[in-house]
Amino acid sequence: GIATVFVDFALQIMRFTPAASQLINLIKSDTGRPVRHFTGNFKSYTELASDIQSVLNSLIPKEIEVQTTDQKWYNMRILPYRTLENVIEGAVVTFIEITETKLIREELRIANDLHRLAVVVRDSSDAITVQDRDGKILAWNRGAENLYGWSESEALAMNIRDRIPPELQDESALAGLWDRSASLELLHAVRLKNDGSSVNVAIISSVLINEDGEIYAISTTERALG
């Protein structure tokens, strides 16, 4: 069941397993034809013939991860092919599917990235918040607790308008935070604290974009001025 292709020193196909024909467009009568005449069902990988030639020249095995056009991943290994008499006759190319392994590896990478980000957000001395398009607060770190006085559980039940003095609650003041072109620009604003007092803050906002390219939330980093 393993996709395997044997080629000689002239890079001509000696034989192949049925599974190989699913990755490289081969039929039974292709035996004896140069491997460079065939296109593989690979995404962004076109160096099969040159990689085989490199292994034959150096006799050093090569291992590459390749993706097919149907989004599957394979570990491709190219090794010198030795006969029973220990004579190198060509090269053997094998493809072992690793799609599930790649997915798990990517999930672990994302989880690690999110964990590192969570640690940075948690331990930051700056107030870091996230709110959705309606202004509902989705995230509230320890720095925000220290600056404004609301606990995380209290803040997650609030809206951004609860933190803005009534006289400043106009649409233009909030619209600037959602301006994609103004993302990462420094803004000055006034925010309310839990005790009813107000504080002047410097805000850097960053819009969060989903897979469709739409803004779904905004993250702010806020620091008291003066």
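**Close-up views of the predicted model**

View 1. Helices (H or I, at least four residues) and strands (E, at least two) are DSSP runs, numbered from the N terminus. Glu-106 is partly exposed at 35% relative accessible area, and Arg-109 is partly exposed at 41%. Buried means under 20% relative accessible area, exposed over 50%, and partly exposed in between (1.4 Å probe, protein chains only). This is a predicted model, in which local features need pLDDT of at least 70 and side-chain atom pairs count only at pLDDT 80 or more, whereas totals for chains, interfaces and linings use all residues. Residues are numbered from 1 along each chain as its sequence is written, and side-chain values use heavy atoms, with hydrogens and water left out.

View 2. The side chains of Arg-105 and Glu-65 meet at 3.1 Å, N to O. Glu-65, Lys-102 and Arg-105 are linked in a network of salt bridges. A further salt bridge, at 3.6 Å from N to O, is formed by Arg-77 and Glu-63.

**View 3. Strand β1 is enclosed within an open sheet of six strands.** The order is β2-β1-β6-β5-β4-β3, with antiparallel pairing; two strands pair if DSSP finds at least two bridges between them. Strands β2 (13-16) and β3 (42-43) stand at the edges with a single partner strand each, so one side of each is left without a neighbour in the sheet. Six of the six residues of β1 are buried, so the strand is largely enclosed by the rest of the structure. Ala-3, Val-5 and Val-7 point one way from β1, and Thr-4, Phe-6 and Asp-8 point the other way. Three bridges join β1 (residues 3-8) to β2, where Val-7 has Ile-13 as its bridge partner. Six bridges join β1 to β6, and Val-5 is partnered there by Val-93. The hairpin of β1 and β2 has four residues between the strands, and Leu-11 in the turn has a positive phi of about 65°.

**View 4. A second open sheet has five strands in the order β8-β7-β11-β10-β9.** Its pairing is antiparallel. Strands β8 (137-140) and β9 stand at the edges, each with a single partner strand, so one side of each is left without a neighbour in the sheet. Three bridges join β7 (residues 127-132) to β8, with Ala-139 as the bridge partner of Val-130. Ile-215 lies in strand β11 (residues 215-224) and counts as buried at 16% relative accessibility. The C-alpha atoms of Ile-215 and Arg-133 are separated by 8.1 Å, although the two residues are 82 apart along the chain.

Note on methods. A salt bridge is a side-chain nitrogen of Lys or Arg within 4 Å of a carboxyl oxygen of Asp or Glu.
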